[in-house]
Amino acid sequence: MRRNSLVLIIACFVLTVFSQVQAAPSTQPPAQKPAMDPSLPIPKNPALRTLFLIGDSTVRNGSGNGADSLWGWGDPLVDFFDMSKINIVNRARGGRSSRTYITEGLWDETLAMVKPGDYVLMQFGHNDASPLDDAARARGTLPGIGDETQDIWNPINPITKKRETVHAFGWYMRKYVKDTLAKGATPIICSPIPRNNWKDDKVVRNDGAYGGWAKQIASEFHIGFVNLNEIIAQRYDAMGQTQVNPLFPSDHTHTSRAGAEINAEAVVSGLKVLPGNPLSRYFSPSATSIPEGNGK
């Protein structure tokens, strides 16, 4: 009897101590969310709707201040919108693909700011044809819009030092669209701007690759598609290679300020032919003279 009583007393003691430990407040500080990247802009007026731009250096080159005389089209695009009616927030980042804009956390940062009624205009593809696991950037995606994957496990991703399953270009584009729709916002896909590559006196189109795949994803979700590649290529064809060459001061991909302005005009012309012309109410007077684009 005494032994049973002793066991009971010890059990009660243990339970009491355990409950006190469980109830004690944690001395560990709460987990902190990573700070927003200070180099990328945020909406100036949260009360207004926002047009977010995501993409690579052809949308926002460097810090967006014209370093090395290079500009992305997202910077002059603001001239065609009334800033008292809408925010234009260019959160594109040079060197990123549809994959690395997500894996580096840039998309999560942007998505956290998206609210119902906003717009997300996206253009990827220029860097997606890069290697999947090179030691320089490891930014490539698998071609196409299917469900193919490739595991980067052995060796692991040389940049992040983590295992990663890489998807096709279309998988990442679908994620952007789904996430945007889930926020009650409107996604709009652009095909990549054309490079300064010519064949038979015409700019080489990419409608058989990233431009075509971008269009397929937009069609799949019945969302707006701006065939930026074709709209700009038509203008370059009309100008001729001799006049187009100076728009690319360093290589065949990145444009001067004049080239970025031409591309921004093409974006506006493409937006004008979207069903319902949803952004027309936010255009500035500078946009009125830009004709509708023919990017079919």
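Which elements do the buried residues of H3 pack against? They pack against strand S1 (49-55), helix H2 (100-103), strand S3 (119-123) and helix H4 (169-182). Contact here means heavy atoms within 4.5 Å.

This is a predicted model, in which local features need pLDDT of at least 70 and side-chain atom pairs count only at pLDDT 80 or more, while totals for chains, interfaces and linings use all residues. Residues are numbered from 1 along each chain as its sequence is written, and side-chain values use heavy atoms, with hydrogens and water left out.

**Whole chain**

The chain has 8 helices and 9 strands. Both are DSSP runs numbered from the N terminus: helices are H or I with at least four residues, strands are E with at least two. Of the 296 residues, 51% count as buried. Buried means under 20% relative accessible area, exposed means over 50%, and partly exposed lies in between (1.4 Å probe, protein chains only). Now consider contacts between residues at least 6 apart in sequence: 72% of them join residues at least 24 apart.

**Stop 1: helix H3**

Select residues 106-113, helix H3. Here 6 of the 8 residues are buried, so the helix is largely enclosed by the rest of the structure. Show Leu 106, Trp 107, Glu 109, Thr 110, Leu 111 and Met 113; these are the buried residues of H3.

**Stop 2: aromatic rings**

Rings of Phe, Tyr and Trp (its six-membered ring) pair if their centres lie within 6.5 Å; planes under 30 degrees apart count as stacked, over 60 as edge-to-face and the rest as tilted. The structure holds 11 aromatic pairs. One of them joins Trp 171 and Tyr 172, edge-to-face, at 5.0 Å centre to centre and 80° between the planes. Trp 171 is partly exposed, at 34% relative accessibility. Tyr 172 is buried, at 2%.

**Stop 3: H4 against H5**

Select H4 and helix H5 (residues 210-221). Their axes come within 10 Å and cross at roughly 40°. Axes are lines fitted to C-alpha atoms, for helices over the stretch in contact, and angles run from 0 to 180 degrees between N-to-C directions. The crossing of H4 and H5 is right-handed. A crossing is right-handed if the near helix is turned clockwise from the far one by less than a right angle, left-handed if anticlockwise. From H4, the contact residues include Phe 169, Met 173 and Val 177. From H5, they include Tyr 210, Trp 213 and Ile 217. By class, the contact of H4 with H5 has 9 nonpolar, 1 polar and 3 charged residues. Ala, Val, Leu, Ile, Met, Phe, Trp, Tyr, Cys and Pro count as nonpolar, Asp, Glu, Lys and Arg as charged, and the others, Gly among them, as polar.

**Stop 4: Pro 187**

Move to strand S6 (residues 186-190) and pick Pro 187. Pro 187 is buried, with a relative accessible area of 2%. Leaving out residues up to four places away in sequence, Pro 187 touches Val 120, Met 122, Val 177, Thr 180, Leu 181, Ile 223 and Gly 224. Pro 187 and Ile 223 are 36 residues apart in sequence and 6.8 Å apart in space, C-alpha to C-alpha.

**Stop 5: H6 against H8**

Finish with H6 (residues 228-239) and H8 (residues 257-272). They pack at an angle of about 125°, with axes 9 Å apart. H6 and H8 are therefore oblique to each other. Angles under 35 degrees count as roughly parallel, over 145 as roughly antiparallel, 65 to 115 as roughly perpendicular and the rest as oblique. H6 passes H8 in a right-handed crossing.
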